[in-house]
Amino acid sequence: MNPNLSIYDNLGGAKTLRRLVEAFYPRVVVDPLIGPLFPADINPVMEKQYMFLSQFFGGPSLYSDAYGHPMMRARHMGFQVTPERAEAWLACMQAALEEIGVDEPLRSVVIKRLSGPAHHFVNTASSDNNDL
Ligand code: HEM
């Protein structure tokens with residue numbers, strides 16, 4: 001890992017980001033806590049996530065160019081994001097990073113960078129059943 005480069009460049013740019021998103025969403029949709037929140041057709045979500053993570057990790061600003069200011073917390077307000085769901089999201093990401101072969105220390109840097117927003121998006125207290 002080169003600390004002088006962005007996360008985007010450390011990962012290997014667009015190609016790796018695609019592989020990451022493609023490894024991440026199959027895990028998300030079968031996750032009992034967060035899977036039910038997502039639409040049956042996951043492809044548009046995958047594309048938006050690819051565009052968002054590109055800019056979030058220091059690559060081209062694909063998401064803002066297409067959709068304007070991300071306002072990502074606001075975009076999640078329509079969904080009950082509990083602390084458990086934030087952890088489930090991050091666990092899917094951790095597993096996806098492992099699957100595509102992103103090694104330490106980069107893997108931890110990526111997870112750290114995402115755990116801020118994941119916890120920031122929490123908008124609902126813990127519950128036993130995480131009702132939709
Ligand atoms: C904390 C747990 C999280 C949950 C439960 C969650 C869940 C969701 C759901 C249900 C959607 C909408 C899918 C649809 O279009 O119907 C969504 C969209 C999205 N999420 Fe998350 N998310 C989480 C964390 C994150 C994080 C940490 C990021 C990035 C840092 C992120 C980035 C996005 C993006 C880019 C979209 C697409 C937004 C758009 O429609 O333009 N999410 N998320």
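Trainee: Which residues have the most contacts inside the largest nonpolar core?
Mentor: Leu20, Phe24, Trp89, Cys92, Met93, Ala96 and Leu97. That core has 23 residues. A nonpolar core here is a set of buried Ala, Val, Leu, Ile, Met, Phe, Trp, Tyr and Cys residues joined through C-beta atoms within 7 Å. Buried means 20 or more other C-beta atoms within 10 Å of the residue's own; exposed means 12 or fewer; partly exposed is in between; C-beta atoms are placed from the backbone.

Trainee: Which elements give two or more residues to this core?
Mentor: α2, α3, α6 and α7. The largest share, seven residues, comes from α6.

Trainee: Is this predicted or experimental, and how is it numbered?
Mentor: This is a predicted model: local features need pLDDT of at least 70, side-chain atom pairs count only at pLDDT 80 or more, and totals for chains, interfaces and linings use all residues. Residues are numbered from 1 along each chain as its sequence is written.

Trainee: Back to Phe24. What does Phe24 touch, not counting residues up to four places away in sequence?
Mentor: Cys92, Met93 and Ala96. Contact means C-beta atoms, placed from the backbone, within 7 Å.

Trainee: How many helices and strands does the protein chain have?
Mentor: Seven helices and zero strands. Both are DSSP runs, numbered from the N terminus: helices are H or I with at least four residues, strands are E with at least two.

Trainee: Now the ligand. How many residues surround the ligand, and which are closest?
Mentor: 22 residues surround the ligand. The closest are Leu37, Phe52, Ala86, Trp89 and Ala118. A residue counts as near if its C-beta atom, placed from the backbone, lies within 6 Å.

Trainee: Which helix gives the most to that shell?
Mentor: α3, with five residues. α3 (43-56), α5 (72-75), α6 (83-99) and α7 (106-120) each supply at least two.

Trainee: How do the shell residues divide?
Mentor: 17 nonpolar, two polar and three charged. Ala, Val, Leu, Ile, Met, Phe, Trp, Tyr, Cys and Pro count as nonpolar, Asp, Glu, Lys and Arg as charged, and the others, Gly among them, as polar.

Trainee: Different spot. Where is Ala14?
Mentor: In helix α2 (residues 14-30). Ala14 counts as partly exposed because it has 14 C-beta neighbours inside 10 Å. Its C-alpha atom is 9.4 Å from that of Met51, 37 residues apart along the chain.

Trainee: Last one. What share of the 132 residues counts as buried?
Mentor: 20%.

Definitions and conventions. Contact = placed C-beta atoms within 7 Å.
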